[in-house]
There are 4 protein chains.
Amino acid sequence: MGKSRLEAFSDGVIAIIITIMVLELRAPHGADVGTLAPLLPAFLSYVLSFVYVGIYWNNHHHLLHALEHGVSGAILWANLHLLFWLSLFPVTTAWMGENEFAPMPSAVYGFVLLMAAIAYWLLERAIIAADGPSSVLRRAVGKDWKGKLSPLFYVAAIVSTFWWRWVAEAIYVLVALLWLIPDRRIERALNHRATHS
Amino acid sequence: MGKSRLEAFSDGVIAIIITIMVLELRAPHGADVGTLAPLLPAFLSYVLSFVYVGIYWNNHHHLLHALEHGVSGAILWANLHLLFWLSLFPVTTAWMGENEFAPMPSAVYGFVLLMAAIAYWLLERAIIAADGPSSVLRRAVGKDWKGKLSPLFYVAAIVSTFWWRWVAEAIYVLVALLWLIPDRRIERALNHRATHS
Amino acid sequence: MGKSRLEAFSDGVIAIIITIMVLELRAPHGADVGTLAPLLPAFLSYVLSFVYVGIYWNNHHHLLHALEHGVSGAILWANLHLLFWLSLFPVTTAWMGENEFAPMPSAVYGFVLLMAAIAYWLLERAIIAADGPSSVLRRAVGKDWKGKLSPLFYVAAIVSTFWWRWVAEAIYVLVALLWLIPDRRIERALNHRATHS
Amino acid sequence: MGKSRLEAFSDGVIAIIITIMVLELRAPHGADVGTLAPLLPAFLSYVLSFVYVGIYWNNHHHLLHALEHGVSGAILWANLHLLFWLSLFPVTTAWMGENEFAPMPSAVYGFVLLMAAIAYWLLERAIIAADGPSSVLRRAVGKDWKGKLSPLFYVAAIVSTFWWRWVAEAIYVLVALLWLIPDRRIERALNHRATHS
C-alpha cells in the first residue's frame with residue numbers, strides 16, 4: 001500500500017471526525033438569547049476539540065511526510081489505532097460539554113487525549129522501525145519535548161479533575177496552546193534563556 | 001505541507017458540512033401533505049446555506065489556486081479557522097429554520113456568516129503575506145468589492161433582525177445572489193453606468 | 001478550477017450521501033426478531049436509494065469524463081444543483097420508509113428523483129455548451145433514450161401514487177433496473193428486434 | 001472509469017462508515033462513573049466493528065491493487081454491493097451493543113458479516129474474470145484459506161447465538177484476530193507444523 005492512500009484515508013477520517021463533532025452542538029429549542037447560554041460549555045469544549053483535531057491532522061502529515069519506505073502492516077494498524085482514539089473525541093467532547101466540565105467527563109476526555117498521544121507515539125515508533133537507523137524521523141524526534149511532556153500533562157489533568165475542577169481544563173488548553181504556537185519562536189526563547197542563565 | 005493536501009482536506013470538510021446540513025431536515029412524522037408545511041422554513045434555510053457553502057467552496061479554490069508558495073503555519077491555521085466557522089453553518093441553519101426565522105436565530109446565523117467572511121479575509125491576508133509583494137492574489141484582491149461589502153451587509157442584517165424581521169433574510173439572500181451572479185456581467189454593467197453618468 | 005477538483009468534491013458529497021442514508025435505519029429498541037419487521041420498509045427504501053445514488057455516481061463520472069474543456073461557472077453551479085437534489089435522497093428515503101410507502105411520501109420521493117434527473121440533464125447541457133459543436137458528449141447523448149424516458153416514468157409514478165399505491169414503487173424499481181442492466185445487451189436486443197420486425 | 005476513482009470513492013465511503021459508527025456511542029446523560037458502565041457493551045461492539053472495517057479497508061486495497069485491467073461494470077457494481085453490506089455495520093453494531101449481545105442482534109450482526117464476506121468474494125471473482133487467465137489475483141487467491149474459512153465461521157456463529165450466547169462473540173473476535181495477525185508468521189507456523197508432523 002502506498003503512503004498517499006494512507007494519507008488520503010486518514011485525511012478523510014479526520015475530516016469527518018472534526019465535522020461530526022458539531023452534530024453534538026444541537027440547535028436550542030427556544031428562540032431567545034437565553035436558550036444559547038446552556039450551549040456555552042458545549043461550544044467551548046467543541047472549540048477545544050476542534051483545535052486538538054487540527055493539531056493532530058497537522059502533525060500526522062509531518063509524521064507521514066517523514067516516512068521514507070513503504071507502509072508496513074505495523075504502520076497501517078498503528079495508524080488505525082490512532083484514528084480509533086481520535087474517533088472517540090466527538091463523544092467525549094459532547095459528554096464533557098453537556099455536563100459543564102464535571103469531574104468524571106473531564107477525566108474521560110483527558111484519558112482519550114492521553115490514549116491518542118500514546119497512539120501517536122506508537123505510530124512514530126512504527127515509522128522509525130520501518131525506516132531503520134538512518135530514519136529522518138528518529139533525528140527529528142530527539143528534540144520532541146512537546147511529545148514527551150504532553151502525556152505527563154494529561155495524566156496530571158486526569159488526576160486533578162477530582163480535586164481542582166478547573167485545573168484540568170486549564171491544562172487541556174495549555175497543552176493545545178503549546179502545540180499551536182510555532183516551534184521556532186519557543187525554541188529561540190528557550191535557547192535565549194539557556195544562553196543567558 | 002503541500003497545497004494539494006490542504007485543498008483535499010478542506011474539500012473533505014466542506015463536502016461533509018454541505019451534506020450533514022441535510023440531517024437537520026428530519027422526515028416528518030405523519031404522511032399527509034400537511035406535515036410538509038412546517039418543514040418549509042427549514043427547507044428554505046437549508047437552500048440558503050447550501051448556496052453559501054457552495055460559494056465558499058468555489059471561492060476557497062480560487063484563493064488556494066492563487067497561492068504560489070508553500071503552506072505556512074499561518075495559512076494552515078487561518079484555513080482551519082475558516083473551516084471552524086463554516087462548520088457552525090449546520091447548527092445555525094437548523095436553529096433559524098426550526099424557529100421560522102425568529103430574530104435571535106437569524107442574528108446568530110448572520111453572526112456566523114460575518115465570522116466566516118472575516119476568517120476568509122484573514123486567510124486571504126495570510127496567503128498574500130506568504131507570497132510577498134509580487135503576490136498574484138494581492139492584485140486580484142484590489143478589485144474585491146464584494147469581499148469588502150459583504151461584512152457590512154451582514155452587520156446591517158444582524159442589526160435589522162430586531163426591528164424589521166424579513167430585512168435580514170432579504171439581505172442574506174441578496175449577498176448570496178451577489179456572489180452567484182458571474183462577476184463579468186456585473187462589472188460590465190458597473191463600468192457601463194460609470195461611463196455614462 | 002480543474003475537472004479533477006470538481007470530481008473529487010462531487011465524489012466526497014456522493015460518498016457521504018450514500019452513507020448517511022443508513023443513519024435513518026435506526027437500531028430497533030427490542031432484541032426480538034419481531035422488532036426487525038417494522039424496519040423492512042425502511043430497509044427496502046434504503047436499498048432502492050442506494051442503487052439510485054450508485055447509478056448517479058457512475059453516470060456522473062461518464063459525464064465529467066466526456067468534458068474536454070475547463071470547468072465553467074455554469075458547469076460548477078449545474079453540478080452543485082445536482083448535488084443539492086441528491087442530498088435530499090436521505091430525508092425522502094427515510095420519510096417513505098417510515099410511512100410504509102404511503103402515497104404522499106412516495107410522491108415526494110418521486111419528485112426528488114425527477115428533479116435530480118432534470119438537474120442531471122441541465123449539467124449535460126452545460127457541458128455540451130462548454131465543449132461546443134465538436135462535443136463528444138453531444139454525440140453520445142443523441143442515443144440517450146434512458147435519460148429521456150426516466151423523467152416521464154417519474155411523472156407517471158408521482159401521479160399514480162394517489163390511485164395505485166404500488167405502481168409508483170414498481171416504476172421506481174423498473175427505472176433503477178433500466179439503468180443497472182448494461183447498455184450493450186439492451187441495445188443489442190433492441191437492434192435485433194429492429195432488424196427482425 | 002479509472003481504478004483510482006473507484007479506490008477514492010470506496011475510501012471515502014469506508015472512512016465515513018468507520019466514523020459514523022461512533023455516532024451510535026451516545027454521551028451518557030449523567031456525569032458519574034456509573035453512567036459509563038451501560039456503555040461498555042456498545043463500546044466493545046464498536047471496537048470489534050472498527051477492527052473489521054479496518055481489515056476490509058486494508059484487504060480492499062490489496063484486491064484493487066491486483067486489478068490489472070480497467071474497471072468493468074461488473075467490478076463497479078460488485079464493489080458497490082460490498083460497500084452496501086459494509087454500510088450496514090453501524091446499525092447492526094449499535095443494535096448488538098445496545099442489547100448487550102442478545103441472541104437475535106448478534107445473529108443479525110453475523111449475517112451482515114457473512115454477506116460482506118460473500119460480497120468480497122464476488123468482487124474477487126469479478127476482478128479475476130476481468131483480468132483473464134493470467135490474473136495475478138487468481139494465483140494469490142489459491143492460498144486464500146482465510147477467505148474460505150471466514151464464511152464458515154460466521155455461519156457457525158449465527159447458529160450458535162441461540163444456544164451458547166458467547167460462542168458467537170468469541171468467533172467474531174477470533175476471525176478478526178485471524179485477519180489481524182500478519183500472514184507470514186501464521187504460514188511459517190503452519191509450514192513448520194506440516195514439516196514436522
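**Exercise 1. Determine what share of the contacts in chain A with a separation of 6 or more comes from residues 24 or more positions apart.**

Solution. Two residues are in contact if their C-beta atoms, placed from the backbone, lie within 7 Å. Among the contacts in chain A with a separation of 6 or more, residues 24 or more positions apart account for 78%. The model is a predicted one, in which local features need pLDDT of at least 70 and side-chain atom pairs count only at pLDDT 80 or more, while totals for chains, interfaces and linings use all residues. Residues are numbered from 1 along each chain as its sequence is written, and chains are lettered from A, with ligands numbered from 1, in the order in which they are written.

**Exercise 2. State how many helices and strands chain A has, and what percentage of its residues is buried.**

Solution. Step one concerns the elements, which are DSSP runs numbered from the N terminus: helices are H or I with at least four residues, strands are E with at least two. Chain A has 9 helices and 0 strands, and the order from the N terminus is α-α-α-α-α-α-α-α-α. Step two concerns burial: a residue is buried if 20 or more other C-beta atoms lie within 10 Å of its own, exposed if 12 or fewer, and partly exposed in between, with C-beta atoms placed from the backbone. Of the 197 residues in chain A, 45% are buried.

**Exercise 3. Classify Arg139(A) as buried or exposed.**

Solution. Arg139(A) belongs to helix 6 of chain A, residues 136-141. Arg139(A) counts as exposed because it has 11 C-beta neighbours inside 10 Å. The C-alpha atom of Arg139(A) is separated by 9.6 Å from that of Ile128(A), 11 residues apart along the chain.

**Exercise 4. Describe how helix 2 and helix 8 of chain A pack.**

Solution. Axes are lines fitted to C-alpha atoms, for helices over the stretch in contact, and angles run from 0 to 180 degrees between N-to-C directions. Helix 2 (residues 40-66) and helix 8 (residues 165-180) of chain A pack at about 35°, their axes being 10 Å apart. The crossing of these two helices is left-handed, a term that applies if the near helix is turned anticlockwise from the far one by less than a right angle (right-handed if clockwise). Helix 2 of chain A contributes Leu48(A), Val51(A), Tyr52(A) and Ile55(A) to the contact, and helix 8 of chain A contributes Tyr172(A), Val173(A), Ala176(A), Trp179(A) and Leu180(A). By class, this contact has 9 nonpolar, no polar and no charged residues. Here Ala, Val, Leu, Ile, Met, Phe, Trp, Tyr, Cys and Pro count as nonpolar, Asp, Glu, Lys and Arg as charged, and the others, Gly among them, as polar.

**Exercise 5. Identify which elements of chain A give two or more residues to the side that touches chain D, and how chain A is laid on chain D.**

Solution. First, 24 residues of chain A are in contact with 20 residues of chain D. Helix 1 (3-20), helix 3 (73-87), helix 4 (89-98) and helix 5 (103-131) of chain A each give two or more residues to that side; helix 1 of chain A gives the most, with 8 residues. The side of chain A that touches chain D divides into 18 nonpolar, 4 polar and 2 charged residues.

Next, copies are superposed by least squares on the C-alpha atoms of residues with pLDDT of at least 70 in both.
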